Amino acid sequence: MSNISSSFTLSQSQQQHLLEKLDVFKVKGRDKRGRNVLLIIGKYFPARMVSSEVLKKYLEETIYPKLGAKPFSVVYVHTDVQKSENFPGISVLRSVYDAIPMNLKNNLEVVYFLHPGLQARLFLATFGRLFFDGGLYSKVKYVSRLEFLWDHVRRLEMKIPDFVHDHDEELEYHPMMDYGLESDHPRVYTEPPSMDPISMYSMRCIA
């Protein structure tokens, strides 16, 4: 059973209502080329409460029709995403991607990946080519700061959550966080942590 469906207890209608209430996915605004923008706030995604089937149904019934038959772009906000709370698992991502209608895949022209961090870049570089077709992988554009996002997206037509702005400001004072060399969540260990490189990578690859 996939991670996303291993512990949810809500009914399907409750799960759909939760996705709607949290505004995880929203078709809002346009980019500088006039394309509609699908905004995805990764931190808002309740990975442990929504099944893959409900997610696919919600996208098919609520989000895809709003994109229409024209080219569009995606702004994915990775800020503060936690693997334990917001990441549904590779198999679910692949299942959702495979269920996207071909015309939408063709109409998707670019994915702006905001605040990716080193681990997310490594994950996509390692697994992105394997689990997603080359067409999607080549459309991903990393954006390290909001100011660079506004070079591509119409700022006045899109509302970004406050925590994203706060993180952006923190990066200005701690730029090495961009490269995974400085933690924004310091921890105090009472005993030496495990040094198993495989388990460490698997737990941190999305953070």
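## Lys43 and its partner

Lys43 has a relative accessible area of 34%, so this residue counts as partly exposed. In this predicted model, the Lys43 side chain forms a salt bridge with that of Asp80, at 3.7 Å from N to O. The pair brings together distant parts of the chain: Lys43 sits in the loop between β2 and α2, Asp80 in the loop between β3 and α3 (83-86), and 37 residues separate them. Asp80 is partly exposed too, with a relative accessible area of 25%.

## Other salt bridges

Across the whole structure, a search finds 8 salt bridges. One of them joins Glu157 to Arg30, whose closest N and O atoms are 2.8 Å apart. Here again distant parts of the chain are linked: Glu157 lies in the loop between α8 (146-149) and α9 (162-173), Arg30 lies in strand β1, and the two are 127 residues apart. Glu157 is partly exposed at 23% relative accessible area, and Arg30 is partly exposed at 33%.

Lys56 has 18% relative accessibility, which is under 20%, so Lys56 counts as buried. Salt bridges with shared partners also join Arg30, Arg154 and Glu157 into one network.

Let's turn to the strands. Five of them form an open sheet with mixed pairing, in the order β1-β2-β3-β4-β5. Because β1 (25-30) and β5 (140-143) each have a single partner strand, they stand at the edges, with one side left without a neighbour in the sheet. From one strand to the next, the twist averages 25°.

Helix α2 (52-67) packs on this sheet, touching β1, β2 (36-41) and β3 (72-77), and its direction makes about 15° with that of β1. Strand β4 (residues 108-114) pairs with β5 in the parallel sense over 4 bridges; Val111 has Val140 in β5 as its bridge partner.

## Helix α1

Which residues of helix α1 (residues 12-22) are buried? They are Gln15, Leu18 and Leu19. Viewed down the helix axis, these buried residues fall within an arc of 95°, so they line one face of α1. They pack against α2, while Ser13, His17 and Lys21 are exposed on the other side. Asp23 follows α1 and has a positive phi, near 55°.

## The protein overall

The protein has 10 helices and 5 strands, and 40% of its 207 residues are buried. Its accessible surface comes to about 12000 Å², with 55% belonging to carbon and sulfur atoms.

How values were computed: Residues are numbered from 1 along each chain as its sequence is written. This is a predicted model: local features need pLDDT of at least 70, side-chain atom pairs count only at pLDDT 80 or more; totals for chains, interfaces and linings use all residues. Side-chain values use heavy atoms; hydrogens and water are left out. Buried means under 20% relative accessible area, exposed over 50%, partly exposed in between (1.4 Å probe, protein chains only). The arc is that of the directions from the helix axis to the C-beta atoms. Contact means heavy atoms within 4.5 Å. Two strands pair if DSSP finds at least two bridges between them. Axes are lines fitted to C-alpha atoms, for helices over the stretch in contact, and angles run from 0 to 180 degrees between N-to-C directions. Accessible areas come from the Shrake-Rupley method with a 1.4 Å probe; for residues, only the protein chains shown count as cover. A salt bridge is a side-chain nitrogen of Lys or Arg within 4 Å of a carboxyl oxygen of Asp or Glu.
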